[in-house]
Amino acid sequence: MPKAPFSSLPLSGLFAIAKPSGPTSMSILDSIKPLINSSPLFVSQDKLDKQKDGDAQSGGKGKGKFGRGKKRGRDAVKLGQGGTLDPLADGVLVVGIGKGTKRLGDFLDCVKEYRTTALLGCETDTYDSEGAQVRAAPWKHVTKDAVEKALAQFRGEIQQTPPIFSALKMDGKPLYEYARKGIPLPRPIERRSVTVHSLELEEWKGADHRFVWPEKRFTDDEKRALEKALSSVEEDPQVKDEGETAVKAGQEGEGDGQEPPRKKARVDTEAEVAGVAESKAEEPITPPTDTTAEHPTAFVLKMRVSGGTYVRSIVHDLGHALGSAAHVVTLTRSQQGRFALGMESHPAVSEVGDVEQPHKPPASAEANDLVTQKSEGEDAAAQTSLEQTPAVSVERGCVPWEVFERAIKDEGEVDEDGRHEWEKVVLEHLEVVD
C-alpha cells in the first residue's frame with residue numbers, strides 16, 4: 001500500500017487500551033502523549049515541522065513546543081480518557097484523540113461490564129485491598145448458595161451510598177476529611193440511584209487462593225474518629241472487630257442461604273464502614289497471611305452496570321448482607337460501551353484518501369431493544385425490579401499495553417508506509433471521528 005498523502009491526515013478518533021493494574025489512568029495517558037504528539041497519523045505536518053525546529057533549537061533534547069521533554073508546551077493534539085480506572089483496576093480504558101475527545105462523555109453513562117474478586121472477613125476504608133483494615137468479621141458461615149441468593153437484592157435499580165473515604169465533597173470538604181479528622185457529617189451522604197443490569201457469581205474460589213487482608217490496620221484513634229464522623233447521621237455507630245461467636249446464634253440454618261439474624265441486610269446502606277452489634281467475641285479472628293493454612297473465602301462476580309455504579313460498594317454491602325465483611329482484591333473492566341477485552345482486531349473496511357481507515361460505527365452503536373433477564377430464586381420484592389439490559393454492539397477490542405510499553409522504550413523502524421508498529425496496531429483498533 002502506498003504511503004498516505006498528508007492531505008488525508010491527521011486523524012481524530014477513539015480507541016481503547018487494556019490498562020494493567022498498578023498505574024493510574026492519568027499516568028497511562030501521560031506515558032503515551034509523546035508518541036501521539038509526534039505521530040503523523042494524529043498531528044498535522046506543519047505542527048510536526050515546528051516540533052522538529054523546536055527540538056533543533058533546544059539542541060535536540062526534545063524540549064521543543066511539542067517535543068518529548070517533560071517541559072514541553074501545549075500538546076500538539078488533544079488527548080483524554082472516557083472514565084477513570086483506579087490503580088488497582090485493569091481493563092478497558094477508552095482514549096479520545098483530537099475530535100474524539102468530544103465523544104468521551106458518551107462512555108461515562110454507557111453500560112459497563114466488570115469482573116471483581118471479593119475477599120470475605122475484612123472491610124477496608126477504601127473498600128479494596130489498597131486500603132487499611134477497618135473491621136474484621138466472621139466468614140466461615142458464608143456458603144456459595146448464600147452468596148447466590150444474596151445477589152438477588154443487588155440486581156435492578158438500587159440505591160448506593162458512596163464510601164465515606166472518598167474524594168466526593170460535602171459543604172466544600174472531601175468526605176475522607178470528615179472520617180479521618182473525626183468531624184461529624186453535616187448530613188447523611190446522598191444516595192445515588194444506579195442500575196445493575198446483571199450480577200452473577202462467576203467463580204467460587206473458596207480458600208483456594210493466595211489473597212490476604214491488608215497489613216495496615218486502623219488504629220483505635222482512627223476508629224474513634226470514624227465513629228465521631230458518623231455519630232451525627234447514625235445511632236451509636238461502632239467500628240470494631242467481630243469474633244466468630246458473633247454469628248453462631250444465627251448459624252442454625254447455615255448452608256441454607258439464610259442471612260444470620262444478628263444483622264439485617266441492607267443495599268441502601270448509609271455512609272458507613274461498620275456499625276456492628278455487641279457480641280462476646282470469644283473467638284477473635286486471626287488475620288490471614290501468606291502462610292495461613294486456611295484463607296478467607298473469595299469469589300468472583302461478573303456484573304453489567306450503569307454509569308456511576310460503585311463496584312466496590314456492591315462488594316462491601318454484599319459482605320454486610322452475608323453477615324460478614326468484604327472488600328475488592330481484583331477489579332477488571334471487561335467492557336465499556338462498544339469496546340471490550342478479548343476481541344480480535346478488526347480489519348480496516350473503508351478508506352479515506354490513501355489511508356486505509358478503521359470501520360466507522362453507525363450513528364447509534366447501542367440498540368434500543370431491551371433484554372429482560374430473570375434470576376432463579378428471586379423473591380417477590382426483587383421481581384418488581386427486573387433487569388433490563390440495553391443490548392450493546394461490541395465492535396472494538398483493546399490495544400495491549402505492552403504495545404505502548406515497547407514503543408515508549410524504542411519505537412523501532414518504520415515500515416514501507418512510514419508507520420511504526422504501535423501506529424499500525426492503533427489503526428486496527430481506531431474508531432474514526434470526523
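This briefing walks through strand pairing, aromatic contacts and cysteines in the structure above. The model is predicted. A search of the whole structure turns up seven aromatic pairs, and one aromatic cluster is formed by Phe15, Trp401, Phe404 and Trp422. On the strand side, S10 (residues 192-206) pairs antiparallel with S7 (residues 156-160) and also antiparallel with S11 (residues 298-305).

**Strand pairing around S10**

- Strands S7 and S10 are joined by five bridges and run antiparallel.
- A handy place to look along this pairing is isoleucine 158, whose bridge partner in S10 is valine 194.
- S10 is also joined to S11, here by eight bridges, and these two strands again run antiparallel.
- For this second pairing, take valine 196, which has valine 305 in S11 as its bridge partner.
- When viewing the side chains, recall that in a regular strand they alternate between the two faces of the sheet.

**The aromatic cluster**

- Across the whole structure there are seven aromatic pairs. One of them brings together tryptophan 401 and phenylalanine 404: the ring centres are 6.0 Å apart and the planes meet at 40°, so the pair is tilted.
- These two residues share helix H8 (residues 401-409), where they sit three residues apart, about one turn of the helix.
- Both tryptophan 401 and phenylalanine 404 are buried.
- Phenylalanine 404 also forms a tilted aromatic pair with tryptophan 422, with 6.0 Å from centre to centre and 45° between the planes.
- Because phenylalanine 404 belongs to helix H8 and tryptophan 422 to helix H9 (residues 421-429), this pair ties together parts that are 18 residues apart in sequence.
- Tryptophan 422 is buried, as is phenylalanine 404.
- To see the whole cluster, display Phe15 along with Trp401, Phe404 and Trp422.

**A charge over a ring**

- Lysine 173 lies over the face of tyrosine 178, and its distance from the ring centre is 5.9 Å.

**Cysteines**

- The structure holds zero disulfides.
- Cysteine 110 has a relative accessible area of 5%, so this residue is buried, given that buried means under 20%.
- Cysteine 398, at 10% relative accessibility, therefore counts as buried too by that cut-off.

Methods: Residues are numbered from 1 along each chain as its sequence is written. This is a predicted model: local features need pLDDT of at least 70, side-chain atom pairs count only at pLDDT 80 or more; totals for chains, interfaces and linings use all residues. Side-chain values use heavy atoms; hydrogens and water are left out. Two strands pair if DSSP finds at least two bridges between them. Helices (H or I, at least four residues) and strands (E, at least two) are DSSP runs, numbered from the N terminus. Rings of Phe, Tyr and Trp (its six-membered ring) pair if their centres lie within 6.5 Å; planes under 30 degrees apart count as stacked, over 60 as edge-to-face and the rest as tilted. Buried means under 20% relative accessible area, exposed over 50%, partly exposed in between (1.4 Å probe, protein chains only). A charge sits over a ring if NZ of Lys or CZ of Arg is within 6 Å of the ring centre and within 35 degrees of the ring normal. A disulfide is a pair of cysteine sulfur atoms within 2.5 Å.
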